[in-house]
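These are my notebook entries on one protein chain. I set out to record how its parts are arranged and which side chains meet.

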Amino acid sequence: LGFAISGGEISLRPAGPPLLLLGIPLAFLAAHGLGLAGAAADLVLDRGRSLALLGAGLLSILGGIYFPVALFPDPIREAVWLIPIVPLSALARGDAPAGPALLLLGVQAAVYFALGRSALAWGLAKARTAGSLARRD
């Protein structure tokens, strides 16, 4: 659908398996960090699970899962590069130079995983002191 809406202007030049083999684990680590932050929200907030699911859905929509990022207005198109799937999909399609895309994925993996791990440690400590870990479903 997104391909048809964009008039067929989506590039389909893959970057190649070696580069994708570097990019996929980096994107996985970055997304895992975001998931850890979602788990922390679930521990600390009353409606944390709903908030985490809303965030995942929003990241899917803005990350170009359902339609191309190229269709977004300029400010949003630049901001969505903070979502790990965007540089990975650009790398897979050949829409971005491999070096900057891999560098961005590496930075995202390091920063998001560190922040997500810290958020989860904080959430676990807060839930222990509140005694809410025993009441988890």
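Entry 1, the whole chain. I began with contacts (heavy atoms within 4.5 Å). Of the contacts in the protein chain with a separation of 6 or more, 66% are between residues 24 or more positions apart. The model is predicted, so I note that local features need pLDDT of at least 70 and side-chain atom pairs pLDDT 80 or more, while totals for chains, interfaces and linings use all residues. Residues are numbered from 1 along each chain as its sequence is written, and side-chain values use heavy atoms, with hydrogens and water left out.

I then looked up the secondary structure, where helices (H or I, at least four residues) and strands (E, at least two) are DSSP runs numbered from the N terminus. The protein chain has six helices and zero strands, in the order α-α-α-α-α-α.

For burial I used relative accessible area: buried is under 20%, exposed is over 50%, and partly exposed is in between (1.4 Å probe, protein chains only). Of the 137 residues in the protein chain, 31% are buried. The accessible surface (Shrake-Rupley method, 1.4 Å probe; for residues, only the protein chains shown count as cover) comes to about 8500 Å², and 71% of it belongs to carbon and sulfur atoms.

I checked its length against the expected span (1.5 Å times one less than the number of residues). Helix 2 covers residues 17-44, and its 28 residues should span 40 Å; the end C-alpha atoms are 40 Å apart, which agrees. Its buried residues include L20, G23, A27, A30 and G33. I found that the buried residues of helix 2 pack against helix 3 (48-62), helix 5 (85-93) and helix 6 (98-130).

The 15 residues of helix 3 should span 21 Å, and the distance between its end C-alpha atoms is 21 Å, which agrees. A52 lies in this helix and is partly exposed because its relative accessible area is 28%. From A52 to A40 I counted 12 residues in sequence and 9.2 Å in space, C-alpha to C-alpha. Just after helix 3, G64 takes a positive phi of about 85°.

A nonpolar core is a set of buried Ala, Val, Leu, Ile, Met, Phe, Trp, Tyr and Cys residues joined through side-chain atoms within 4.5 Å. The largest one has six residues: L20, A90, L91, A96, A101 and L102. Helix 5 and helix 6 each give two or more residues to this core. Apart from it lies another core of five residues, among them V69, F72, V80 and V86. Leaving aside neighbours within four places in sequence, A101 is in contact with P87, L91 and A96.

How many salt bridges (side-chain nitrogen of Lys or Arg within 4 Å of a carboxyl oxygen of Asp or Glu) does the count come to? I found one. The side chains of D74 and R77 form a salt bridge at 2.8 Å, N to O. Both lie in helix 4 (residues 74-79), and since they are three residues apart, about one helical turn separates them. An α-helix has 3.6 residues a turn, so residues three or four places apart point the same way. D74 counts as partly exposed because its relative accessibility is 48%, and R77 is partly exposed at 27%.
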